[in-house]
Amino acid sequence: VDLLGSLDERSYDDVLDKTIVLSVSGMNVKVLSLEELIAVKAKAGRDKDLAVLPLLKATLARSRQLKGP
């Protein structure tokens with residue numbers, strides 16, 4: 001779990017439209033969409049963020065394949 005206290009110069013309201021709702025242990029939790037998470041981590045540019053980008057991008061590609069055209 002990666003909890004964000006802040007997100008570059010944007011506020012919570014600025015990214016709210018880029019979230020999805022997941023059910024976690026019976027609670028609805030808003031999380032960044034995979035596309036937005038990839039963009040945020042790429043922009044952050046920290047080693048730990050850049051290291052996970054290939055996995056996130058592969059997950060996004062696979063998700064799109066499963067959804068079809």
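## A quick tour of strands, helices and a surface patch

I20, L22 and V24 make a nonpolar surface patch of about 230 Å². Areas come from the Shrake-Rupley method with a 1.4 Å probe, and for residues only the protein chains shown count as cover.

This is a predicted model, where local features need pLDDT of at least 70, side-chain atom pairs count only at pLDDT 80 or more, and totals for chains, interfaces and linings use all residues. Residues are numbered from 1 along each chain as its sequence is written, and side-chain values use heavy atoms, leaving out hydrogens and water.

- L22 sits in strand 1 (residues 19–24); helices (H or I, at least four residues) and strands (E, at least two) are DSSP runs, numbered from the N terminus.
- L22 counts as partly exposed because its relative accessible area is 39%, given that buried means under 20%, exposed over 50% and partly exposed in between (1.4 Å probe, protein chains only).
- S25 lies in the loop between strand 1 and strand 2, and it is exposed, at 78% relative accessibility.
- S25 isn't a glycine, yet it has a positive phi of about 55°.
- Most residues other than glycine have a negative phi.
- M27 belongs to strand 2 and is exposed at 54% relative accessibility.

**Helix 2**

- E36, I38, V40 and K41 are the buried ones here in helix 2.
- Their cover includes helix 1 (12–15), strand 2 (27–32) and helix 3, going by contact (heavy atoms within 4.5 Å).

**Helix 3**

- With 21 residues (47–67), helix 3 reaches 31 Å from first C-alpha to last, close to the expected 30 Å; the expected span is 1.5 Å times one less than the number of residues.
- Look for a kink of about 35° at L53, shortly before the proline P54; the bend at a residue is the angle between axes fitted to the seven residues ending there and the seven starting there.
- L53 is also one of the buried residues of helix 3, along with D49, L56 and L60.
- An α-helix has 3.6 residues a turn, so residues three or four places apart point the same way.
- Helix 2 (34–44) is part of what covers the buried residues of helix 3.
- After helix 3 comes G68, with a positive phi near 80°.

How values were computed
Patch = residues over 30% accessible without salt bridge, like charges linked within 9 Å, V, L, I, M, F, W, Y side chains within 5 Å. Salt bridge = Lys/Arg side-chain N within 4 Å of Asp/Glu carboxyl O.
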